[in-house]
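I opened my notebook to look up a few things in this structure. Here is what I jotted down as I went.

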Amino acid sequence: MDAPRTVAAGRTASPTTARLINDRLALQLLQSEGALTAGQLKTLTGLSRPTVADLVERLQEAGLITVVGESGAQRRGPNARLYGIVADRAHLVGLDLRTHSVTVAVADLLGEVRAERTVPIGPDDTPDAAVAAALAGLDKALAAAGAPHPHTIAVGAPGLVDPATGRLGGTDWIPSWHVALVGELRARRAVPVLLENEVNLAAIAEQRDGAARDHDTFVLLWLGHGTGAAVVLDGTLRRGASGGTGEIGFLPVPGTAALPSASGCDGGFHSLAGSAAICALAAQHGLPAEAVAGPAAADASSPDTDAPPAEAVVRAAVAAGDAGTAFLDALAARIALGVAAVCAVLDPGCVVLGGEVGSGGGQELADRVAGHLARLSPLRTDVRAGALGGRAVLRGAVLAARDAAQNELFPPGG
């Protein structure tokens, strides 16, 4: 039997805590590496053979892992068995709330999406009608995934999420049905419902699956209908005292006709880099949104019915080559103003241009932003295009739900 694990200076883990730590380590490896044999678990964990045998038996009895095959055609017997996490042990739900739509994804314990559904919300729908439509869409997605009883639900929504209460704030500028839907989910489902700002979830997704996988410290600048930012420092998402870290739309910047106010971000960075402002800038450069939205939209990677018009405009400008150069350069100069302010305060070393517009502009736009930034700031900063676009919010919601479920099912010990 292995010696008890040391968990802090001057403190030694009890046998029970050591087992929990070993179990969680094994489960994390099975999640990241896929199915493994007991011998592979021994090598990767550094645990003794008897300890690995005990934890494998314990995790099987708990219904968390099972035999999923054998390793090597010539090998037979217990040492060749491949063990994998029981993905159907729990089902997770991620929701991405937009102004005129809600997208639902139902995933298994490994984060693999089993069903997805987007529900449009009409501009004239009452809050009650919008909530009913969203709940119906959720029920249909659960049925399609064969998951009538989800383990955890995570919701991404615009606005401030109060860290103390977990409730949406700043509701003057978000649809009232968002608040009502979260309330109904918490009332109707006897499961944990996590609420997080949508840009924060996008940052989680870009760090796990996207453009920031090699960075523990970075800022995600969201460019979609509006603007926002998420801050990750030393691997930790920073929300701020009131949940308002990253409300960059309110940032006062040169080039606007007025200043933002406590009740609206018109006059702030939003006025330069929001979707409507980008479309107006495109028109000034001979690329009116009406002319490019149709063909460019067909190439867009996001199926979201609530995608910002600026996504199609920017994609078209990139595809236009020299004809789009002046517009892209002017847009990059605007974006660089916000990035420079963020870098002056945080010095993150890496900024990811996320959202539909950031993804649509690709590295072409990111490189232009980097060029302008280098003239504004002495701080070396890597500017990258987001890899997940508008779908980052939904993916982040699934990942947040998975983390919460695994924290309950795979106790960390300590």
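This is a predicted model: local features need pLDDT of at least 70, side-chain atom pairs count only at pLDDT 80 or more; totals for chains, interfaces and linings use all residues.

Started with burial: 49% of the 414 residues in the protein chain are buried.

The accessible surface of the protein chain comes to about 18,100 Å², and carbon and sulfur atoms hold 52% of that.

Then I looked up the secondary structure. I got 13 helices and 16 strands for the protein chain.

I also checked contacts between residues at least 6 apart in sequence. Of these, 64% join residues at least 24 apart.

On to helix H6, residues 198–209. How far apart are its end C-alpha atoms? They are 16 Å apart, which agrees with the 16 Å that 12 residues should span at 1.5 Å a residue.

Is H6 mostly covered or mostly open? I found it mostly covered, with 10 of its 12 residues buried. Among them are Glu198, Asn200 and Glu206, along with Val199, Leu201 and Ile204.

I looked at the N-terminal end of H6 too. Asn197 caps it, with a side-chain oxygen 2.9 Å from the backbone nitrogen of Val199. Val199 is itself one of the buried residues of H6.

Last stop was Ser48. I found this residue in the loop between helix H2 (38–45) and helix H3 (49–61). Why does Ser48 count as buried? Its relative accessibility is 19%, and buried means under 20%. I also noted a polar contact of 3.0 Å between the side chains of Ser48 and Thr51.

Technical notes
Residues are numbered from 1 along each chain as its sequence is written. Side-chain values use heavy atoms; hydrogens and water are left out. Helices (H or I, at least four residues) and strands (E, at least two) are DSSP runs, numbered from the N terminus. Buried means under 20% relative accessible area, exposed over 50%, partly exposed in between (1.4 Å probe, protein chains only). A polar contact is a pair of N or O atoms within 3.5 Å; within protein, one must be able to donate a hydrogen and the other to accept it, and residues adjacent in sequence count only if both atoms are side-chain atoms. The expected span of a helix is 1.5 Å times one less than its number of residues. Contact means heavy atoms within 4.5 Å. Accessible areas come from the Shrake-Rupley method with a 1.4 Å probe; for residues, only the protein chains shown count as cover.
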